[in-house]
Amino acid sequence: MEKISVAVRFRPPNPAAADSSPAGAGDREWRIDDTRVTLHHRAAGPIPSGPFVFDHVFEGAATNERVYGTVVRDLIGAVVDGFNATAFAYGQTSSGKTFTMNGSDVDPGIIPRAVRDVFDTVRQTDDREFLIRVSYMEIYNEDINDLLLLEGQKLPIKENLERGVYVAGLREEIVNSEEQVFELLQLGEENRHFGETNMNARSSRSHTIFRMVIESSAKNQTDSGDPIRVSVLNLVDLAGSERHNKTGAEGVRLNEAGHINRSLLMLGNVINKLSENGKQRGHIPYRDSKLTRILQPALGGNAKTSIICTAAPEEMHIEETRGTLKFASRAKCVSNCAQVNEILTDAALLKKQKREIEELRKKLQGSHSEVLEQVVLKLRNDMHKSELERDRLAMELEEERKLRMRLENHLTEQQKKLEGLDNTSISADQFTDLIQLDALKTPDSKYKPDGFVARRSRYSDDTDFSPIPENLDNIADDDLWTRLNKGCVTDLDMLEMTPGLKRETSFVQDATSAAPLEEPTDARCERLEKDCISVRQQLEESNVRCAALEKECTLLRDKNSSLQQELSDSKREANLLVAEKQAQLDDSIARCVVLERELSMSRQDADRLVTEKQELAGELGVERQKMEELKQDIRVISRAFSQREGQLTSLYTKSKAILENCKASHVATLP
């Protein structure tokens, strides 16, 4: 069991509302302390009503990014893992619900951020493959409309063991990127009902539910019995509760406000029942409203749920804000039992289509892959749409058949009623002429000359058969009639009246066709005949509609067959592409074999060159060694030459010195 996560968000104060208040800012204000909201009197302090405590409380400066990261982001991972999840905004009109859910271009709301996170999480999950489909509906004046289709109006709610509670005939579009989802959201917003009131220039006049159905299965699974996870993410933007004396709603707007307040009241009743103790809870009125019926899994069921209650901080809205906080406090006591949804049957759309496209996904490579991916996605969308349309037509056909059965039963009962009136005896005191007797007879009844029955009392000689007259003339006389009747003569004295029969009461009485007991029988017969004619006409019209629906079903079956043919054609094209790629691959393999041979020869040449290089390198090393030895010899010779040169230089210096000394001594010895 897991408690519903409840957060409260106060929008920034509205300067226009404060200026319009006679007391300016007012004497009372709401104060936020972490997860606590308290009503304070500016002079006397806290009001004794007590604080309201929630999981999260956001002040007016909080952004949509902060609200989403705190309240909703954890739900996205749970949805991708197979849990159902729901997030919706609740509060009075003009308190910021639509801004919280949709946001703006600068600060996107919960819905666009959730869509991006879903696809980001799916891309990061490598061990599973996903199929995502979306739908967008609104509840306007207690009628469910499909916002993705202009003609998808007044859809019914159905329930079965396989799908649970669902909206029959709702369009579900298969998507593979967030851009496609945003295009569908834009289309839905254009079809949504908005209106202007004194409190909001663009007020939501309907509840909207954006739904993402996420199916996933393990990659590369071969066992058809492996489970498929099917989870649902509901993002709900509720219309705001309002008081007509504040909004100035009149006419159509007043009627819309009545339906909105009634559905929100039913939602509050469901929350009240769920917040009670188990023994005192009793019946939970989910069926009192279409909103609570659709949100039944999210309220006390198999889902993770987050509620964002928006509130206005102005003093003029204190009572509405107090009601919103009480609703949030009761919702905080509700528990859900969320579990992973795994399907082992072929009911999951992903499992139904996976076998048909698994080979195509493996083979889609090359230049035609993007085109074929788009073709396959389009075929899957068309097939899914045709299945939904076929279900819708089958449902309408079943309703027409039930209507036809009711009309046939009604017609049968009316005919029995007429036959009973026709067989009823009529006394001579009530009707004195034959015209009144003929008025009681239906066109199908046999004509009788009068209301008397003759009884044969005396018989002549009993014969085996009537004698055949010898000559039959064109004119029958009394003697001929006597012979044909075996001699029987009617005793007029024994004529008796038909005994009166009690008139049986009809089992089916229509309020529009009911007549007083004093109504004349002929007028009643005429009225019943008219009713029978109208019932027959309705039956014929019903038969015509049934024939049209059967024809449309046949067309849809043909269309489905054509789609399957197109899918098989795309499979053949894919097989041809695969064969072409296989041929190219074979050519590439052959070229690779040739290249491998050339590469082998090149490797042999390279090895030979390497060997020669190594030999040359060895010879070069020997030559270098010899060079080094020669250099060493040259160095030795150079050193010896240098030494010899030094010796010669010193000898030359000494010789020169000796020569100079000799010259000096010779000069000294001269006289």
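A: **The largest pocket**

In this predicted model, the largest pocket is lined by 45 residues. Nearest its centre lie Arg 133, Glu 162, Arg 163, Gly 164 and Tyr 166. The volume of this pocket is about 1,300 Å³.

Several elements give two or more residues to the lining. The strands are β8 (85-91), β11 (157-160), β12 (164-167), β16 (207-218), β17 (228-237) and β20 (342-343). The helices are α11 (349-363) and α12 (369-423). Helix α12 gives the largest share, eight residues.

By residue type, the lining divides into 22 nonpolar, 10 polar and 13 charged residues. Arg 133, Glu 162 and Arg 163 are among the residues nearest the centre, and Arg and Glu count as charged.

Ser 95 sits in the loop between β8 and α3 (97-102). Ser 95 counts as buried because its relative accessibility is 2%, and the cut-off for buried is under 20%.

The side chain of Ser 95 has two polar partners to check. One is the side chain of Thr 310, in a polar contact at 2.7 Å. The other is the backbone oxygen of Gln 92, which lies 2.7 Å from a polar atom of the Ser 95 side chain. Leaving aside residues up to four places away in sequence, Ser 95 touches Arg 11, Thr 310, Ala 311 and Ala 312.

Now the wider chain. The protein chain has 671 residues, and 36% of them count as buried. It holds 15 helices and 22 strands. Of the contacts between residues at least 6 apart in sequence, 72% join residues at least 24 apart.

The average pLDDT is 75, and 72% of the residues score at least 70. Among the elements, helix α4 (residues 110-124) has the highest mean pLDDT, 94. Strand β21 (residues 452-453) has the lowest, 43.

Two stretches call for care. Over residues 425-469, pLDDT stays under 50. The model still has 58 contacts beyond four places in sequence for that stretch. Over residues 492-517, pLDDT again stays under 50, with 26 such contacts. Where pLDDT is low, the predicted coordinates should not be read in detail.

Methods: Residues are numbered from 1 along each chain as its sequence is written. This is a predicted model: local features need pLDDT of at least 70, side-chain atom pairs count only at pLDDT 80 or more; totals for chains, interfaces and linings use all residues. Side-chain values use heavy atoms; hydrogens and water are left out. pLDDT is the predictor's confidence in each residue, from 0 to 100. Helices (H or I, at least four residues) and strands (E, at least two) are DSSP runs, numbered from the N terminus. Contact means heavy atoms within 4.5 Å. On a 1 Å grid over the protein atoms alone, a cavity is a set of points where a 1.4 Å probe fits but cannot get out, and a pocket is an open set with protein on both sides within 12 Å along at least five of seven lines; lining residues have an atom within 4 Å of a point. Grid points are joined across faces, edges and corners, and a volume is the space filled by probe spheres set on the points. Buried means under 20% relative accessible area, exposed over 50%, partly exposed in between (1.4 Å probe, protein chains only). A polar contact is a pair of N or O atoms within 3.5 Å; within protein, one must be able to donate a hydrogen and the other to accept it, and residues adjacent in sequence count only if both atoms are side-chain atoms.
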